[in-house]
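Subject: Structure handover

Hello,

The structure we discussed is below, with my notes after it. Please read them alongside the coordinates.

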Amino acid sequence: ILVMEYIDGVSLNELFDNIPNLSEQNIISYKNIKFQKNKFIDHAINIVFKQIFEDGIFHADPHPGNIFITKDNDIVFIDFGIIGVLQSSLKKSIFEIFLGIIERDIKKISQSLVGLDEIEGHALMPEIETKFRQLLNEWQGGSIVEMTTVEVFYRLVKIAIESRIDLPYSIIIIGKTLLEYDGDLRKLEPGLDIINSFKSIVEKKYGMDIMNLGQENKAASIKNFLDLMKSLPTNLQTFAQG
């Protein structure tokens, strides 16, 4: 028998099914639950960031039936049947890929993904860069309608696989996970972009203005941030004992 403590709240799925025009409301009220939408979204994004980049352990099946909000406005996850685990080197690489997407830096994206290759025999670097450049040019030019950075990340991962870059399974899981979070939260706020929100979190929590730093200062600040991530726990046991 699989049991858990009682969660006094409602799932996102129940909210989506029972509240019309949900994305147009600033205060969401349902049964005994009442919360500010923007605060909920900010809280949820901070949780996702912490799970991935700080703890290195994340809920990898965040469909709306698995995310609850309580009457105290706490966010509760259930059903931990799928969990993603990221070691420090993977957290560093993923952050660099995200940063490359935000900056539209083809070389940074290509080198980061190729650096994750677990088996030799991938396509030549110019071929890989051409594919990535085509995707980012289409995204920048607006021919890919309303594609978020999460969706671009997922497309980049697919291109990497097609280019015979054998990525760690965790990278595939994180792409799938972020797409689910993206779908959940964009039902509340259609214009939301999770990865751009990650950038804002880094700037607020670690004092890094990523887009406006000079190249030398940017490199030093990012290195400091990545060094910090390496010092953070890589599993729940060390996290509990820390």
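R104 is partly exposed, at 31% relative accessibility (buried is under 20% relative accessible area, exposed over 50%, partly exposed in between, with a 1.4 Å probe and protein chains only). R104 sits in the loop between helix 3 and helix 4 (106-114), and has a positive phi of about 55° although it is not a glycine. Helices (H or I, at least four residues) and strands (E, at least two) are DSSP runs numbered from the N terminus.

This is a predicted model, in which local features need pLDDT of at least 70 and side-chain atom pairs count only at pLDDT 80 or more, while totals for chains, interfaces and linings use all residues. Residues are numbered from 1 along each chain as its sequence is written, and side-chain values use heavy atoms, with hydrogens and water left out.

N73 also has a positive phi, about 65°, and is not a glycine. N73 belongs to the loop between strand 5 (67-70) and strand 6, and counts as partly exposed at 33% relative accessibility.

A further positive phi, about 55°, is that of K31, in the turn of the hairpin formed by strand 2 and strand 3 with two residues between them. The two strands run antiparallel and are joined by four bridges (strands pair if DSSP finds at least two bridges between them). I27 stands opposite Q36 of strand 3. Strand 3 (residues 33-36) has I33 and F35 on its covered face, and K34 and Q36 on the uncovered one.

The largest nonpolar core has 68 residues, and L15, F40, F98, I101, F132, F153 and F198 touch the most other members. Such a core is a set of buried Ala, Val, Leu, Ile, Met, Phe, Trp, Tyr and Cys residues joined through side-chain atoms within 4.5 Å. Helix 2 gives the largest share of this core, nine residues. Not counting residues up to four places away in sequence, F40 touches L12, F35, I69, I75, L185 and L188 (contact means heavy atoms within 4.5 Å).

G175, in helix 7, is buried, with a relative accessible area of 1%. Y154 is 21 residues from G175 along the chain, and their C-alpha atoms are separated by 5.3 Å.

How many cavities of 30 Å³ or more does a search of the whole structure find? There are two cavities of that size. A cavity here is a set of points, on a 1 Å grid over the protein atoms alone, where a 1.4 Å probe fits but cannot get out, and lining residues have an atom within 4 Å of a point. Points are joined across faces, edges and corners, and a volume is the space filled by probe spheres set on them.

- The largest cavity has a volume of about 50 Å³. Its lining is F53, F95, F98, L99, I102, I195, F198, K199 and V202. Helix 3 (88-103) and helix 8 (194-206) are the elements that give two or more residues to this lining. By class, the lining has eight nonpolar, no polar and one charged residues (Ala, Val, Leu, Ile, Met, Phe, Trp, Tyr, Cys and Pro count as nonpolar, Asp, Glu, Lys and Arg as charged, the others, Gly among them, as polar).
- The second largest cavity holds about 40 Å³ of space. L12, F40, A44, I67, I75, F77, Y181 and L185 line this cavity. Helix 2 (37-55), strand 6 (75-77) and helix 7 (169-186) each give two or more residues to the lining. Eight of the lining residues are nonpolar, with no polar and no charged ones.

Regards

Note on methods
On a 1 Å grid over the protein atoms alone, a cavity is a set of points where a 1.4 Å probe fits but cannot get out, and a pocket is an open set with protein on both sides within 12 Å along at least five of seven lines; lining residues have an atom within 4 Å of a point.
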